[in-house]
Protein chains: 4
Amino acid sequence: MADPADDDRRRSIGARRNPDTQEAILQAGEAILLEEGPAAFSIEAVARRARAGKPTIYRWWPSRGTLMLDIYHRQKPQALHGPTDDLEGEIAGLIEWLSGYWQGSAGQVFRQVIAEAQRDPACAERLQGYATERRAHIGEMIERAMARGEVADTVDPLLGAEMVQSLIWHRLLTDRLALEPGDAQKIAAQLVRGLKA
Amino acid sequence: MADPADDDRRRSIGARRNPDTQEAILQAGEAILLEEGPAAFSIEAVARRARAGKPTIYRWWPSRGTLMLDIYHRQKPQALHGPTDDLEGEIAGLIEWLSGYWQGSAGQVFRQVIAEAQRDPACAERLQGYATERRAHIGEMIERAMARGEVADTVDPLLGAEMVQSLIWHRLLTDRLALEPGDAQKIAAQLVRGLKA
Amino acid sequence: MADPADDDRRRSIGARRNPDTQEAILQAGEAILLEEGPAAFSIEAVARRARAGKPTIYRWWPSRGTLMLDIYHRQKPQALHGPTDDLEGEIAGLIEWLSGYWQGSAGQVFRQVIAEAQRDPACAERLQGYATERRAHIGEMIERAMARGEVADTVDPLLGAEMVQSLIWHRLLTDRLALEPGDAQKIAAQLVRGLKA
Amino acid sequence: MADPADDDRRRSIGARRNPDTQEAILQAGEAILLEEGPAAFSIEAVARRARAGKPTIYRWWPSRGTLMLDIYHRQKPQALHGPTDDLEGEIAGLIEWLSGYWQGSAGQVFRQVIAEAQRDPACAERLQGYATERRAHIGEMIERAMARGEVADTVDPLLGAEMVQSLIWHRLLTDRLALEPGDAQKIAAQLVRGLKA
DNA sequence: TTCTAAACGAGACGGTACGTCACGTCTTCTG
DNA sequence: CAGAAGACGTGACGTACCGTCTCGTTTAGAA
């Protein structure tokens with residue numbers, strides 16, 4: 001006696017994960033984060049908006065944080081920075097690009113992931129893995145520069161990568177992502193050249 | 001009534017803030033964070049443990065995050081780093097000291113403050129103020145070195161300070177505070193000398 | 001930012017039970033049982049209809065069943081049966097009256113209480129107490145008849161009372177409360193006179 | 001998968017009802033009721049324990065209650081009470097026997113069936129049918145006594161049967177089945193002889 | 001000295017969200 | 001085509017906190 005007109009809703013497709021449902025959940029989660037803010041992001045609210053059951057969400061994501069991380073990953077950015085012969089420029093480009101990217105919705109999501117990771121070990125672990133992978137990526141950029149002779153061979157590429165990563169995280173977490181025109185260049189320069197006279 | 005032995009509890013001391021109560025609340029909050037973890041930290045739990053009324057807490061702290069920040073500030077560290085003639089050593093000392101300090105309870109509290117600031121604007125503002133003040137402090141260290149001629153005059157001291165601050169925050173947030181013996185020195189060196197060959 | 005026009009809703013009246021709230025809960029529960037049937041009776045639904053919080057209900061009633069029993073008790077019947085000199089007539093009157101009373105809403109509620117008591121020990125205990133008290137009441141009726149010499153002195157008044165009680169319960173539970181005109185008299189007669197030739 | 005040892009499980013035997021499956025479901029249901037109590041009895045739990053699919057259960061039983069009733073019927077009691085020349089003794093024997101039988105697991109199951117029938121019309125109907133049939137059976141016992149001249153010809157045998165049935169149901173539902181040695185005799189006597197002096 | 005005002009503890013209140021359980025329906029695959 | 005399997009939308013469970021309220025008590029300071 002349920003509304004027959006309502007039968008365009010999603011149903012089980014048998015004993016298999018329904019990809020439409022997963023997609024609807026991720027979309028709903030993203031929409032809530034952007035439109036209503038992180039305080040409104042709850043499993044309950046996501047389920048409501050996605051017209052999905054709470055158990056369905058819990059079946060696939062152990063916690064709020066891991067769901068957020070998947071929402072973040074779903075927004076695949078088109079990485080651009082092709083290799084150049086100039087480490088300083090590469091770093092500046094990376095900072096500039098990420099600063100712009102994170103000023104959009106993705107940054108709001110990622111902030112919440114970091115916050116959540118401080119409470120939820122499962123989320124912390126996944127975030128750890130992601131951060132390590134990104135760090136390695138930047139590290140390779142430095143290694144290539146090292147191979148070109150641009151970088152001193154006493155330098156630890158992963159530590160250098162962490163300086164880049166931590167600075168941009170820090171800006172994200174303290175709401176200071178907006179850059180003046182020359183800022184990215186200035187940051188990269190100071191990182192590469194050091195403080196020394 | 002009927003339980004005169006229970007009358008050793010705190011009472012109002014008239015139309016003034018009762019410092020015993022405030023102290024009891026901060027202590028209870030700290031104890032909960034340390035003994036039961038951040039997940040157990042709630043206004044309700046703090047009130048219960050402090051034998052205080054919830055409205056008493058809300059009267060003095062607008063939110064969870066601001067209470068946490070006060071708890072963090074209550075654990076006053078004995079700052080040590082006297083001025084030296086060696087910027088690299090000063091930075092290494094700072095990193096080493098803060099890494100140690102934050103591996104204790106204070107770091108657990110501060111992580112939660114940062115997380116909370118991602119949701120709660122009131123907390124974000126206070127954290128912003130605190131972070132800026134600390135950054136200024138490190139900036140002065142760099143300025144002194146600049147005055148000594150140790151640092152290039154093209155350097156932005158506050159940006160240098162942010163590199164130090166962001167790195168140690170990043171380690172805190174990703175659970176990687178523990179340092180090998182020479183690590184602090186190595187980090188400081190790479191910051192000061194840059195990557196350049 | 002809540003609707004200010006909505007401020008005609010009930011509020012706490014301090015650290016004391018709010019009788020308006022209790023009344024609203026009992027009324028809502030009764031309304032649900034009658035209008036939507038026992039299947040729709042859930043703590044959730046009662047809270048919704050009473051515009052009360054679920055915890056408020058759980059604060060005062062440990063379970064579904066005990067709430068139902070209070071709903072039953074709230075519908076105070078005006079007892080009628082004045083003492084007479086005729087036990088058979090008294091019993092017939094009681095059966096007739098209770099049959100009528102239970103064919104209304106009260107009977108529907110009481111059926112559910114009995115059902116719930118089969119699952120919920122707390123409810124079973126309260127129902128037990130209530131049933132015992134009613135049985136004692138009927139027992140006194142028989143004792144009065146015994147004092148008048150109407151009843152054999154070998155009779156156990158409480159057992160007699162149980163026969164009356166169990167028969168009417170049984171009718172309630174098997175949906176056979178409706179009586180033909182002489183039925184109550186016939187039942188009472190057979191109880192009082194026995195089967196013996 | 002990868003567990004060939006698990007392949008001793010039941011499988012479809014083609015497009016026919018598999019009696020092993022039905023048996024397994026009834027057994028599982030009974031085991032749950034006895035071992036884990038009525039609260040744990042759910043279609044879900046029965047399916048799990050029987051290693052059956054939920055739709056398989058729904059195919060054959062419309063509801064929880066009807067499944068319970070089948071479980072009750074599956075435990076076939078060996079009726080004993082042969083016909084005698086003494087109605088009072090026959091009734092006492094019946095009460096004594098049923099009291100004992102219901103103090104075991106069967107009584108627990110039957111209580112739940114009665115409770116379920118208060119909510120589920122399908123179950124109510126089947127229970128009604130069963131109760132009527134049992135009542136008729138007792139009624140025949142009284143009719144035989146009537147034919148022997150033991151019982152007054154004004155007596156309604158089915159009403160007498162209902163008195164017996166309702167009393168024992170009432171004891172079951174209020175957890176008062178345990179009888180003292182002479183109790184069954186006393187109850188039967190009072191039923192047969194009535195209250196009258 | 002009396003009265004007022006504020007802070008305090010306590011805890012009930014209407015809510016929201018939690019994470020779990022069971023419901024009854026659906027689909028796929030295996031035999 | 002029966003049956004095992006299990007995902008799905010739904011909705012209730014009982015609990016934890018939220019932030020607000022009213023209460024009665026206590027005390028300092030104003031009248």
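Predicted model: local features only at pLDDT ≥ 70, side-chain atom pairs only at ≥ 80, totals over all residues.

Biologist: Okay, chain A to start. How many helices and strands are there?

Modeller: Chain A has nine helices and zero strands. Along the sequence that reads α-α-α-α-α-α-α-α-α.

Biologist: Compact globule or more spread out?

Modeller: More spread out than a compact globule, because the radius of gyration of chain A is 21 Å, well over the 16 Å that the globule rule gives for 197 residues. The C-alpha trace of chain A spans about 80 × 35 × 30 Å along its principal axes.

Biologist: What percentage of chain A is buried?

Modeller: Buried residues are 41% of the 197 in chain A. As for contacts in chain A with a separation of 6 or more, 63% are between residues 24 or more positions apart.

Biologist: Switching to the chain contacts. How many residues does each side put in where B meets A?

Modeller: Chain B gives 40 residues and chain A gives 40 residues. On the chain B side, helix H6 (105-117), helix H7 (121-147), helix H8 (157-173) and H9 each supply at least two residues.

Biologist: Which helix of chain B gives the most there?

Modeller: H8(B), with 10 residues on the side of chain B that touches chain A. By class, that side of chain B has 20 nonpolar, 11 polar and nine charged residues.

Biologist: And what about C against D?

Modeller: That contact takes 40 residues from chain C and 40 residues from chain D. On the side of chain C that touches chain D, at least two residues each come from helix H6 (105-117), helix H7 (121-147), helix H8 (157-173) and helix H9 (183-193) of chain C. The largest share of that side is from H8(C), at 10 residues. Its classes are 20 nonpolar, 11 polar and nine charged.

Biologist: How far apart are the nearest C-alpha atoms of chains B and C?

Modeller: They are 12 Å apart, and chain B and chain C do not touch. Chain A and chain D do not touch either, with their nearest C-alpha atoms 12 Å apart.

Biologist: Helix packing next. At what angle do H5 and H9 of chain B pack?

Modeller: Helix H5 (residues 87-103) and helix H9 (residues 183-193) of chain B pack at about 135 degrees, and their axes are 8 Å apart. That angle makes H5(B) oblique to H9(B). The crossing of H5(B) past H9(B) is right-handed.

Biologist: Which residues meet in that pair?

Modeller: From H5(B), Leu87(B), Glu88(B), Ile91(B), Ala92(B), Ile95(B), Glu96(B) and Ser99(B). They meet Ala184(B), Gln185(B), Ile187(B), Ala188(B), Ala189(B), Leu191(B) and Val192(B) in H9(B). The residues of this H5(B)–H9(B) contact split into 10 nonpolar, two polar and two charged.

Biologist: Last topic, backbone. What is the phi of Arg51(D)?

Modeller: Near 50 degrees, which is a positive value in a residue other than glycine. Most residues other than glycine have a negative phi. Arg51(D) is in the loop between helix H2 (43-50) and helix H3 (54-60) of chain D. Arg51(D) counts as partly exposed, with 13 C-beta neighbours inside 10 Å.

Biologist: And what about the phi of Asp175(D)?

Modeller: Asp175(D) is not a glycine, yet its phi is positive at about 60 degrees. Asp175(D) lies in the loop between helix H8 (157-173) and helix H9 (183-193) of chain D. With 16 C-beta neighbours inside 10 Å, Asp175(D) is partly exposed.

Biologist: Where does Asp86(D) sit?

Modeller: In the loop between helix H4 (64-74) and helix H5 (87-103) of chain D. Asp86(D) is partly exposed, with 14 other C-beta atoms within 10 Å. Asp86(D) is 11 residues from Trp97(D) in sequence and 16 Å from Trp97(D) in space, C-alpha to C-alpha.

Note on methods:
Residues numbered from 1 in each chain as written. Chains lettered and ligands numbered in written order. Helix = DSSP H or I, 4+ residues; strand = E, 2+ residues; numbered from the N terminus. Rg over C-alpha atoms; globule rule 2.2 N^0.38 Å. Buried ≥ 20, exposed ≤ 12 C-beta atoms within 10 Å, placed from the backbone. Contact = placed C-beta atoms within 7 Å. Nonpolar A, V, L, I, M, F, W, Y, C, P; charged D, E, K, R; others polar. Axes fitted to C-alpha atoms, helices over the stretch in contact; angles between N-to-C directions. Parallel < 35°, antiparallel > 145°, perpendicular 65-115°, else oblique. Left-handed = near helix turned anticlockwise from the far one by under 90°.
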